[in-house]
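Please open the structure in a viewer and keep the selection tool at hand.

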Amino acid sequence: RGPLPPRARAPNVAINGVLYFVELPSLEKFRQAFTEAVHPYLSFRGNLFRGFLNYYWVDTEADHEKFFPCKVFGEEEVHRKLEELVNSPLRNPEKSFWEVHYIENTGQGRGAVLIRWEHFVSDGVSGLLVFQRLVTTLGGQPYTPPPFRKGAAL
């Protein structure tokens, strides 16, 4: 099951990215920021359809059913929830190729947002561009990472 042909015998290949927050923004504020960040990328805002000879993307409206909020108590529970989600398949890989898990910590410590997507939506490097559009400095300015140097360890 999933986007790969049955003869491939490969599970869905999801990429997972986590953002930790000392102060988690409201779900609505994060949803708006995420929608703006992925808007330039048809593979995030569209749906994949099978044509006669190939697959193609069709532009669609943002789907808020891809956001899954939950509440946990304490930072250890945040980590447990993240581990559980990362080790699970996407909720509906036949319909949705990405999802956002908004994990609110009602105790002490950080909250988190887990963004998951199928590898064919974006590779990890392209996914970093989406993350870069979401991250700001403490002063609220867009974050610009240091320039990449050949041979530098990440």
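This is a predicted model: local features need pLDDT of at least 70, side-chain atom pairs count only at pLDDT 80 or more; totals for chains, interfaces and linings use all residues.

**Stop 1: Glu 75**

Select Glu 75, which has its place in helix α3, residues 75-86. Glu 75 and Gln 108 are 33 residues apart along the chain, and their C-alpha atoms are separated by 6.6 Å. If residues up to four places away in sequence are not counted, Glu 75 touches Asn 105, Gln 108, Gly 109 and Arg 110.

**Stop 2: Asn 105**

From Glu 75, move to one of its contacts, Asn 105. Asn 105 is in strand β5, which covers residues 98-105. With a relative accessible area of 12%, Asn 105 is buried. Display its side chain and look for two polar partners. A polar atom of the side chain of Asn 105 lies 2.8 Å from the backbone nitrogen of Gly 107. The side chain of Asn 105 also reaches the backbone oxygen of Arg 110, at 3.2 Å. Then select the surroundings: apart from neighbours within four places in sequence, Asn 105 is in contact with Val 72, Phe 73, Gly 74, Glu 75, Val 78, Arg 110 and Gly 111.

**Stop 3: the whole chain**

Now zoom out and colour the protein by secondary structure. How many helices and strands does the protein have? There are four helices and six strands. Read from the N terminus on, the elements follow the order β-α-α-β-β-β-α-β-β-α. The protein has 154 residues, of which 30% count as buried. Among contacts between residues at least 6 apart in sequence, 65% join residues at least 24 apart.

**Stop 4**

In soluble globular proteins, nonpolar side chains tend to be buried together.

Return to Phe 44 and show what surrounds it. With neighbours within four places in sequence left aside, Phe 44 is in contact with Phe 34, Val 38, Trp 98, Trp 117, Val 121, Ser 122 and Val 130.

**Stop 4: Lys 66**

Select Lys 66, in the loop between β3 (55-59) and β4 (67-72). Is Lys 66 buried or exposed? Lys 66 counts as buried, because its relative accessibility is 6% and the cut-off for buried residues is under 20%. Leaving aside neighbours within four places in sequence, Lys 66 is in contact with Ser 96, Trp 98, Glu 99 and Val 100.

**Stop 6**

Tyr 41 is found in the loop between α1 (27-38) and α2 (42-45). Tyr 41 is partly exposed, at a relative accessible area of 25%. Its contacts, not counting residues up to four places away in sequence, are Leu 129, Val 130 and Arg 133.

Next, select Ser 126, whose place is in helix α4. Ser 126 is partly exposed, with a relative accessible area of 33%. The C-alpha atoms of Ser 126 and Tyr 41 are separated by 9.9 Å, and the two residues are 85 apart along the chain.

**Stop 5: the largest pocket**

Finally, show the surface. The largest pocket has a volume of about 580 Å³. It is lined by 16 residues, and the closest to its centre are Phe 21, Pro 25, Leu 134, Val 135 and Thr 136. At least two residues of the lining are supplied by each of β1 (14-21), α1 and α4 (124-134). What kinds of residue make up the lining of the largest pocket? The lining divides into 10 nonpolar, three polar and three charged residues.

Conventions: Residues are numbered from 1 along each chain as its sequence is written. Side-chain values use heavy atoms; hydrogens and water are left out. Buried means under 20% relative accessible area, exposed over 50%, partly exposed in between (1.4 Å probe, protein chains only). A polar contact is a pair of N or O atoms within 3.5 Å; within protein, one must be able to donate a hydrogen and the other to accept it, and residues adjacent in sequence count only if both atoms are side-chain atoms. Contact means heavy atoms within 4.5 Å. On a 1 Å grid over the protein atoms alone, a cavity is a set of points where a 1.4 Å probe fits but cannot get out, and a pocket is an open set with protein on both sides within 12 Å along at least five of seven lines; lining residues have an atom within 4 Å of a point. Grid points are joined across faces, edges and corners, and a volume is the space filled by probe spheres set on the points. Ala, Val, Leu, Ile, Met, Phe, Trp, Tyr, Cys and Pro count as nonpolar, Asp, Glu, Lys and Arg as charged, and the others, Gly among them, as polar.
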